[in-house]
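Hello,

Here is the structure I promised to hand over. My notes follow below it.

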Amino acid sequence: MTDERPEVRDATAPGPITERLTVGQALVRFLAAQYTERDGVEQALFAGVFGIFGHGNVAGLGQALVQNEVDPAPGEARLKYYHARNEQAMVHAAVAFARTRNRLQTMACTASIGPGSTNMVTGAALATIDRIPVLLLPSDIFATRFPDPVLQQLEDPRSLDISVNDAFKPVSRFWDRINRPEQLIPSALAAMRVLTDPAETGAVTLCLPQDVQAEGYDWPVEFFRRRVWHVARPVPEPAALARAAAAIRAAKRPLLVAGGGVIYSEASAELAAFADATGIPVADTQAGKGAIAFDHPSAVGGVGSTGTAAANALAAEADLVIGVGTRYTDFTTASHTVFANRDVAFVNVNVLAFDAAKHAADMVVADAREGLRALTDALAGHRVDPAYEARATRLAAEWAAVTDECYHRGHGPLPAQTEVFGALNELMGDEDILINAAGSMPGDLQALWRARSPHQYHLEYGYSCMGYEIPAAMGAKLAAPEREVVAIVGDGTYQMMPAELATIVSENLKVIVVLLQNHGYASIGALSESVGSQRFGTRYRMRTDDTDLLDGPPVPLDLVANARSFGLDVIVAATIEEFRAAYATAAAAPRATVIHIETDLQGPNPPSSAWWDVPVAAESRLASTRTAHEAYLEAKKNQRHYL
Ligand SMILES: Cc1ncc(C[n+]2csc(CCOP(=O)(O)OP(=O)(O)O)c2C)c(N)n1
Ligand SMILES: [Mg+2]
């Protein structure tokens, strides 16, 4: 943090100089004065506040925000207010904003007490799992407890200190409740430290009791001074670097796995330089796709359960996996099966020791960019066997042919969604942003998307949260107004959370939403079939009188009319040709467009080359389940600990 004291301060005067403000006003003024710095570039930490008001925050933070907008104190920066429609969605939007800004800038989110606050719990979990900074300000029950139980209060006979906001504790990196005004001072500072620490970052939650928000206090003016939080780039410890370099030099078939940490650290040039120098093939995770351009000679595409046959073949043989900025989810490791070489070892470069230590690795606790730079230097003169390099190149070329086929199948009568992805891949600009999170799309995209820049592929797969996509498009567009932002949304996801389309319209944000209508869950339907559950409950069907089951005709829900009702342009495309034309129209339009296209629920999807552990019922009267269980037991034999 940089020390810049206000000039008004007479250092010899006794006692602090104070200013009387409410807790809400003090918090707004404090937040507006926070900055981050990395690589010599400073930016405001908070670009604004998403909010939905209720009795918990209207008089506290709400009053402070309107005062900030219409009558700011001298020198007080503006903290722009965005009126969201759903509290979960506004956290998603804040996450997408912060991710697009490489975690150097974020948004705060204010919600009323009770349901407004607990609606943010899912967003908090997503942020913390994905390691993205967001500041959550749930309102809370009266600190005085005078009028208890207040509207929307949970009463717990065990303790009067419990409120629904305790539910944020396991999903926050920092959690506090401000029961007295002066507690805000140490708490706000601790919150900023966590938000701006690349290892610790995630959801930071400051619970603000409704009465305390409106309470006055004499604040030391230094609390409001401009503060710059320096976002660290930790360098590797020399001994750890030497061990890692020795392991890489000794490896015959090393494979690098690039995770989201490479992108947040802006380490793409260093990753490419590492690959250029060593010839080591580079695979990517959902968060890391785009860290290396798809057409880099060392790029072999996504690895794991939904990876490419190229990356998975190399993973199966690898004697050393170099994980950079990855936390090795089960999709990356194919539930501990994809790295199949008996002697496989790991070197992990990660800013968080917890991740660096995974799979009994040689740990290099460092920023991805600094770690890659240091490794490239330490490996000077080293290059993998040309035959191994050639094999990686050949495998990648074979997968490119599969991708071309998936992109241009000419499937009918309804198109396959992979053809929509192919069209988007060809139509979108290098710097445009594609957003997705849940459904059958992430798997196809992980296997097929040809990312040409570090931010083109924005896939939320840590929490794979249905409903992320539309609010995320809003957040990404606010972060990168100059880029086209395209959200791919399934019909299931759309029904879960279309509400921020209203905010997108009111903020005049030009985004493109591609709505893939397949009348159900292509994803969970296929999974259900594979585990012997016969696609049960995965189609949107009418309940019929004769069977009392959901096996009737498709539910007559008109998503086109629904989208249109938000006040944006909606284009219906029936074929890939029409989709291409619709995209061109949407791209040229000055306002947001939804493109609706019906796709085949049954695929076809890209060929799979790895497993995912979803336990199958061990006992069943259904033959479909018994068959699936046998296959499950067989596949499980390949699962192992990496020790
Ligand atoms: C909030 C949430 N609830 C449930 C799930 C489990 N889930 C994963 S994909 C999916 C279905 C998605 O349907 P749709 O958006 O239509 O995409 P499709 O599978 O058809 O591609 C469900 C229910 C989830 N990921 N997120
Ligand atoms: Mg669907």
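**The shell around ligand 1**

By class, the shell around ligand 1 has seven nonpolar residues, nine polar ones and one charged. Please keep in mind that this is a predicted model. In total, 17 residues surround ligand 1. The closest are Ser-440, Ser-464, Asp-491, Gly-492 and Ser-523.

Helix 19 and helix 21 each supply at least two residues of the shell. Helix 19 gives the most, with four residues.

Now the polar contacts. A polar side-chain atom of Ser-440 sits 2.6 Å from an oxygen atom of ligand 1. Backbone atoms take part as well. A polar one from Gly-492 is 2.8 Å from an oxygen atom of the ligand. For a polar backbone atom of Thr-493, the distance to an oxygen atom of ligand 1 is 2.9 Å. How much of ligand 1 does the protein bury? Taken alone, the ligand exposes 580 Å², and the protein buries 78% of that.

**The magnesium ion**

Ligand 2 is a magnesium ion. Asp-491 belongs to helix 19 (residues 491-496), while Asn-518 is in the loop between strand 21 (512-517) and helix 21 (522-530), so the pair ties together parts that are 27 residues apart in sequence. Both Asp-491 and Asn-518 are buried. Asp-491 is also among the residues closest to ligand 1.

Start with Thr-18, which lies in strand 1 (residues 18-22). Is Thr-18 buried or partly exposed? Thr-18 counts as partly exposed because its relative accessibility is 38%, and the band for that class runs between 20% and 50%. Leaving out residues up to four places away in sequence, Thr-18 touches Asp-218, Trp-219, Pro-220 and Val-221. The C-alpha atoms of Thr-18 and Phe-223 are separated by 9.4 Å, although the two residues are 205 residues apart along the chain.

Thr-285 is in the loop between strand 13 (282-284) and strand 14 (299-302). Its relative accessibility is 5%, so Thr-285 counts as buried. Which residues does Thr-285 touch, not counting those up to four places away in sequence? They are Val-257, Ala-258, Gly-259, Gly-260, Thr-326, Thr-332 and Gln-446.

Best wishes

Methods. Residues are numbered from 1 along each chain as its sequence is written. Chains are lettered from A and ligands numbered from 1 in the order in which they are written. This is a predicted model: local features need pLDDT of at least 70, side-chain atom pairs count only at pLDDT 80 or more; totals for chains, interfaces and linings use all residues. Side-chain values use heavy atoms; hydrogens and water are left out. Buried means under 20% relative accessible area, exposed over 50%, partly exposed in between (1.4 Å probe, protein chains only). Contact means heavy atoms within 4.5 Å. Donors are N, O and S atoms within 2.8 Å of the metal (3.2 Å for Na, K and Ca); water is not among the atoms, so sites may look incomplete. A residue is near a molecule or strand if one of its heavy atoms lies within 4 Å of it. A polar contact is a pair of N or O atoms within 3.5 Å; within protein, one must be able to donate a hydrogen and the other to accept it, and residues adjacent in sequence count only if both atoms are side-chain atoms. Accessible areas come from the Shrake-Rupley method with a 1.4 Å probe; for residues, only the protein chains shown count as cover. Ala, Val, Leu, Ile, Met, Phe, Trp, Tyr, Cys and Pro count as nonpolar, Asp, Glu, Lys and Arg as charged, and the others, Gly among them, as polar.
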